[in-house]
Amino acid sequence: MPYPLLADSITFELEAQEPWPQLITLYQPYEVEQILLPDNANCLAVQAFLKMCGLDFQIEPRSNAEYMSPSGRVVPFIKCGQFLVSDFDSIVTFIGNKGTSLSDHLSANCKADMRAYMSLVNNIFINAELYICWVDETTLNEVTKIRHGSVYPWPLNHYLNWQKRKEVIKKLNVLGWYNKTIEEVCKEVQNCCTALSERLEGSDYFSGEKTPNELDALVFGHIFTIITTPLPGNKLANIVQSYPLLVHLCKRIETSIFSLQAIGVK
Amino acid sequence: MDMFELTIWKGDWGLPSVDTECLQVLVYAKFNGIPLKVNAVGNPFNSNLPTLKYNNYTFTKVKDIIEVFRENNYNTEQDLSRKECAKIMAYDVMLKEKLFPALQFVWWIDEKNVNELIRPWYCKAMPFPFNFYYPGKFERQAHVIFETLYPVEDDISIIENKVYSEAQKCLTLLSTSLGESLYFFNEKPTLLDAVIYSYLAPLLKAPLPNPALQNHLKACTNLVTFVARISEKYFSNECHEYKTKQNARNVKQYTHNEFPNKRRTQLVAGFIATLMMATYAFSNGILEVSAKDNEISDIPAEDAFTNNE
Amino acid sequence: MGTVHAKESNMSRNINESSNNEKENFKENNPSSHFHEKMNLLERKKGQAVDLHLKARVDRIHVDGLIRTKDDIIKAQVTELFKAQDFYDIIIHAYKVREKLQGLGCFGNIGIYIDTSHGPHATPEGVEVTFMVNEMRRLTGGISTMVGNNEGSVIVQAKAPNLFGRGERLQMEYSYGSKSSTNISISIVKPFMGSSRHKILTGSVFNTSNRFPWSGFSQCDKGLLIDLAFNPDGTGILKHNLQYEATYREIISSKHMSFRVREQCGPNLKSALRHICSIDKRDSLIFPTTGSLVQFSTEVAGLGGDIGFVKNELTVQTNWTPHEYATFQMGFQSGLLRGISNDMKINIADQFFLGGPLNLRGFDMRGCGPRIDGNSLGGNAYWALALHLYTPLPFRPGRHSFGDLFKLHGFINGGNVSNFTLKFANDYKENMKIFKEDVRCAVGGGIAMKFGNIARVELNLVMPLLFVRNDVLQQFQFGIGLQYL
């Protein structure tokens, strides 16, 4: 995933000059009627990460959050003083530059592994979620089109659904996911869950320590959203449910950092 | 027993193959000591590369090919714990996410590399009619990749920065992860080493005219020795061949550092250029004559400059 | 005038002047020279003098060269010629008819021949008028360049005139601008020709994209526009346009934009009805010397879509020439934008902006009014007033030709754009605030040039007199555009 607006060391310095801590505002689509599975997972992951860091933030739902995003259709993004940062990885880096990090104390090797697992989650889960939402016909017609188009007036909703679907398909095509069958996609998710579950074996959190870090936040975001979002067929949810270690991790994180209202009862 | 027959892109610069996926399969096979019949080819038109033929079945996906190897009890991972297998999967995805775009960028987007090294190489490597089509096709595919990965960014230099910084971070991670050990899981090479080698070796070995990322890789000395170790151990033939060729070329360059038939080439080029210009002028003249037939005067001329075509 | 010198005694006249680009709008030279031309042609010094007010009657009208064009629309155009009473009338009417025929957009050159009538039904003072027309091809096209709103563009056009023989045409236009704006439009035009009043129905689909660096966003529009234009009095002075527009607009964020603008990014759908009424009595579009223009436009958005507002705009221009060397011009523009309900949004693309080299001179494009972090936000009400004094170039170089394209002008202009809530009832003082507080004003002079009789180029040196701290000022300004204040 790209690191938008943060590529240069100059920006790092600029960021360091801003007073801290500042109020963080998190912009995301409307949770109840608009947001889709992949976006929701990302938003929840960011929320979980910010909570883990002990940072205060405000959630600001906007129907056009996707278009407001500084780096091309990526939600959620946070506004912090002058800066707009989108995408989970960039947000983690940004907060890290401010001196709040959950993984600084880990060994270099462990950090490298963690980055690799984050890539794994980001790629496999997001692509699978995009596939389910935009390629799988039943989900597309029964859920995705209705929700994605809900904030736009007729005939615009149809046009934008079509446009978005085209974009997603183009992306999945480049990443080699569009030609997969639903079974292959499920297999990928299963492999990914297996890998995560193996990694987690025997410890509370992925780092093997007593406190969660960004990988836990990311996994929580995806697993929790997949479990709690009702979709026709519930294919992904069924796969994820069969990994009790991951489900327990989610419950643990949920009870430790989220009160029930904060997530919004589904 | 049936032979494994593997068709791959041909190599150069001391590499057995220039393609990442082909390398991956080949290196994995070498690690396991699989008896292989390797066809190094320069035309991809009949199938996707790499292609494995075994028992009259054809496999083209890296995953499938490695699965076939494993079914035949060629497996470097059987001694690893499940946690380590999970790690291989995670690193595989990370490399695909971070290094693959960078390699594509270095290979097919960076103009200097494309014009001076990559396109000439592919043009030479492929047989005649295909070498006009395929390099362009690969280039277009690479452009599509970056269009989709960075949909709102139209400034190519910003994309370049982002891609390279991602790749550099990833290389640094690999470097720390490898540390001082021989292979990523200590003593024995595994699939993970094959994957990492397949990404790093082309980047390291190709004599790139624009070596921005290559220099970063060269700075990670343990990765450089890692690549060299595998190359020496498993592909010593290719290495030596390339080295002798290189030496021979150096010697040659000292003796004749001018082209043969320089004057003749110049004359031919001059003649062709004149011919082209004359043709162009002539065709333009024709165009002007026919332009008079156009009813341009019927269109309300929006201003003083009205051109016709 | 009273006499005309005929070339030959049989009174046959050839007034077949070449008539490309007769459409006044697009003509290079001043419309007043149009009249000169006419007289020059009639003043052929050979032959005998003829009384122009000689009684004459049009017996017959021939139209030669019709292939595809249907008779009924031609009949409607030419019948008025039968009303002519004397020879002078005939010539004037013949010209009018020719203009009308040209207005159909079906013909290239049109020549007029007037001859005494022959044959059994000829009346003693009867004449026959023949129009030699030359139908356009089925498909024409070309490339041209155009300037508008501080940007030059290349235009590729293709046109299929006179599709079904009644002046219908299909046209396609693609333009690419120097500031990477693009515009594609395909329109179909159907004129309804009555004898006196005619209506023109135009339907077009378009796709445009523009950048507005002054406000930090770019905009991409795809839409449909249906326009019905009619002039009830048939003379072209009073004009009405009824339009319906449905546009899908996407506001695209850029890297450096203020958050207030960023909040407006994204797609929206505007569905609007518009009525434009204009009374134009000026003698020229770009350098008028006399007459005035009044134009009202009312736009109601919110018939579907998610954008809702009522927008009123008024443009007034009046000209007065007390002396050959001095023309005074006063231009006034104002507009008001109101929301219609809380469910319907008003986007930044709908707001009013002020400033620019042909707008409120002395300020950068969108240089005044509410702004934040260097991005102009626009306001929901504005007014601007400009007073010009034009003189020809000193010592009149290139008089009657190239030199007439240029004029010197001195001006003072002022205006204001802001967000204000209109309180209709009592608070007069509050309502007048826009005319009192933060008024911008600038004075300056420069040279103006007419470009193809539709566009205008100005090079000015301006001194801002009244301004607000946030405004972006410019002392030297170069502007090209179609509309000017």
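**View 1. Two domains sit side by side in the chain B assignment.** Start with the spacing: the centres of domain 1 of chain B and domain 2 of chain B, taken over C-alpha atoms, are 18 Å apart. Keep in mind that this is a predicted model. The domain assignment puts residues 4-71 of chain B in domain 1 and residues 82-237 in domain 2.

**View 2. Here is where domain 1 of chain B touches domain 2 of chain B.** On the domain 1 side, 19 residues make contact, and they meet 23 residues of domain 2. Which helix gives the largest share of the domain 1 side? That's H1(B), with 7 residues. Sorted by class, the touching side of domain 1 has 11 nonpolar residues, 5 polar ones and 3 charged ones.

**View 3. Four strands of chain B make an open sheet.** Read across it and you get the order E2-E1-E3-E4, with mixed pairing. At the edges are strand E2 (36-41) and E4 of chain B, each of which pairs on one side only. Ignoring direction, neighbouring strands in this sheet are turned by 20 degrees against each other on average. What holds strands together in a sheet? Strands pair through backbone hydrogen bonds, and they can do that in a parallel or antiparallel way.

**View 4. Zoom in on strands E1 and E2 of chain B, which pair in the parallel sense.** Strand E1(B) covers residues 4-9, and its pairing with E2(B) runs over 6 bridges. To spot one of the partners, find Leu6(B): its bridge partner in E2(B) is Val38(B). Now look for helix H1(B), which lies across E1 and E2 of chain B. The helix runs at about 145 degrees to E1(B).

**View 5. Helix H2 of chain B has a buried face and exposed residues on the other side.** This helix spans residues 62-71, and its buried residues are Val62(B), Ile65(B), Ile66(B) and Phe69(B). Why do they line one face? Looking down the axis of H2(B), the buried residues fall within an arc of 95 degrees, so they share one face of the helix.

**View 6. The buried residues of H2(B) have several packing partners.** Following H2(B) comes Asn73(B), with a positive phi near 65 degrees.

Note on methods
Residues numbered from 1 in each chain as written. Chains lettered and ligands numbered in written order. Predicted model: local features only at pLDDT ≥ 70, side-chain atom pairs only at ≥ 80, totals over all residues. Buried ≥ 20, exposed ≤ 12 C-beta atoms within 10 Å, placed from the backbone. Helix = DSSP H or I, 4+ residues; strand = E, 2+ residues; numbered from the N terminus. Arc of directions from axis to C-beta. Contact = placed C-beta atoms within 7 Å. Pairing = 2+ DSSP bridges. Axes fitted to C-alpha atoms, helices over the stretch in contact; angles between N-to-C directions. Domains from an automatic or database assignment. Nonpolar A, V, L, I, M, F, W, Y, C, P; charged D, E, K, R; others polar.
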